[in-house]
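Student: I have a model open and would like to learn how to read it. Could we go through it together, one piece at a time?

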Amino acid sequence: MTGLGTIINCGAIIAGGIFGLLFGRFVKEAVQDSLTKVCGVCVLFIGIAGTLEGIFTVEGDKITSGSTMLIIACLAIGTLIGELLNIEHGFERFGEWLKSKTGNAKDARFVDAFVTASLTVSIGAMAIVGAIQDGIAGDYSILVTKAILDLIIIMIMTCAMGKGAMFSAIPVALLQGSVTLLASLLRPIMTDAALANLSTIGSILIFCVGVNLIWGKKLSVANMLPAVVIAVIAAFLPF
């Protein structure tokens, strides 16, 4: 069944949110704050691991680095586009709409939880590659692996930040579902180089989400999202 991987992934996110709500009601506010920071540390290291994998290569007994200019160009151009489009504001407006329509108007952290969780589970190569494989071959193994990781992440985020985190299933469904439906068109575009660039830039954005979780909102990560598209385009440029 085409799209089953995304269905499983969204189901895991919702299940993680339910578990988080069940346990979160017994957790004191001070503990919730600690859990938020712990979650931030975990997200930081997920981002660091992915970034280092894209930057460093092992050649014999030497470790070489590269992609520095690519990273700078993608982030600079992507962030400029994102700021002009004000994507962060769009995320927040959608979060406010969800907050109102789901009867959570009194939840002060709903929007922050929704935006933060959405960025954490939506960015990355696993979402794109998994959705393409699901759409073309019906192979949803990558998305099942992602679903397990997302369940754990969303459970912790919901426990620490509230029920807004579980609504991250919506952008995941929209993104991965769209990629699955358009898989035959996107597959030629997602070359090894394009996926490597996407993974590196996506990992940096995940790192930025971790920064916001630990130190408060310092970066408008949603406004940096076009950098991922620029990274894929850069794979086809002659340099």
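Predicted model: local features only at pLDDT ≥ 70, side-chain atom pairs only at ≥ 80, totals over all residues.

Student: Is H5 roughly parallel or antiparallel to H10?

Tutor: The crossing of H5 and H10 is at roughly 150°. Angles over 145 degrees count as roughly antiparallel. H5 passes H10 in a left-handed crossing, and because of the angle, H5 is to H10 roughly antiparallel.

Student: Which residues of H10 meet H5?

Tutor: On the H5 side we find Thr-116, Leu-119 and Thr-120. By class, the contact of H5 with H10 has 4 nonpolar, 2 polar and no charged residues. The partners in H10 are Ile-206, Val-209 and Leu-213.

Student: Now to H1 and H7: are these helices roughly parallel or antiparallel to each other?

Tutor: H1 spans residues 4–24 and H7 spans residues 141–161; their axes come within 7 Å and cross at roughly 25°. Angles under 35 degrees count as roughly parallel. The crossing of H1 and H7 is right-handed, and the angle is why H1 and H7 are described as roughly parallel.

Student: How many charged residues does the contact of H1 with H7 have?

Tutor: Let's sort that contact by class. Between H1 and H7 there are 14 nonpolar and 8 polar residues. The number of charged residues is 2.

Student: Is Thr-180 buried or exposed?

Tutor: Thr-180 is found in helix H8, residues 169–181. Beyond its sequence neighbours up to four places away, Thr-180 touches Thr-2, Gly-3, Thr-6, Ala-131, Asp-134 and Gly-135. Its relative accessible area is 5%, and buried means under 20%, so Thr-180 is buried.

Student: Which residue's backbone oxygen does the side chain of Thr-180 reach?

Tutor: Let's look among the contacts of Thr-180. One of them is Gly-135, which is 45 residues away in sequence and 4.3 Å away in space, C-alpha to C-alpha. The backbone oxygen that the Thr-180 side chain reaches, at 3.2 Å, belongs to Ala-131.

Student: How many of the residues of helix H11 are buried?

Tutor: H11 runs over residues 226–234 and is mostly covered. The buried ones are Pro-226, Ala-227, Val-228, Ile-230, Ala-231, Val-232 and Ala-234. What covers them includes helix H3, helix H4 and H10. Of the 9 residues in H11, the buried number is 7.

Student: What is the relative accessible area of Thr-51?

Tutor: Thr-51 lies in helix H2, residues 29–55. Leaving out residues up to four places away in sequence, Thr-51 touches Thr-200, Ser-203 and Ile-204. Thr-51 counts as buried, and its relative accessible area is 12%.

Student: What is the phi of Asn-86?

Tutor: Asn-86 lies in the loop between H3 and H4. At 37% relative accessibility, Asn-86 is partly exposed. Asn-86 is not a glycine, yet its phi is positive, at about 55°.

Student: Which residues is Ser-220 in contact with, leaving aside neighbours within four places in sequence?

Tutor: Ser-220 sits in the loop between H10 and H11. With a relative accessibility of 27%, Ser-220 counts as partly exposed. Its contacts, apart from those neighbours, are Glu-83 and Glu-88.

Terms used
Residues numbered from 1 in each chain as written. Heavy atoms only, no water. Axes fitted to C-alpha atoms, helices over the stretch in contact; angles between N-to-C directions. Helix = DSSP H or I, 4+ residues; strand = E, 2+ residues; numbered from the N terminus. Parallel < 35°, antiparallel > 145°, perpendicular 65-115°, else oblique. Left-handed = near helix turned anticlockwise from the far one by under 90°. Contact = heavy atoms within 4.5 Å. Nonpolar A, V, L, I, M, F, W, Y, C, P; charged D, E, K, R; others polar. Buried < 20%, exposed > 50% of the residue type's maximum accessible area, 1.4 Å probe, protein only. Polar contact = N/O pair within 3.5 Å; in protein donor to acceptor, adjacent residues only side chain to side chain.
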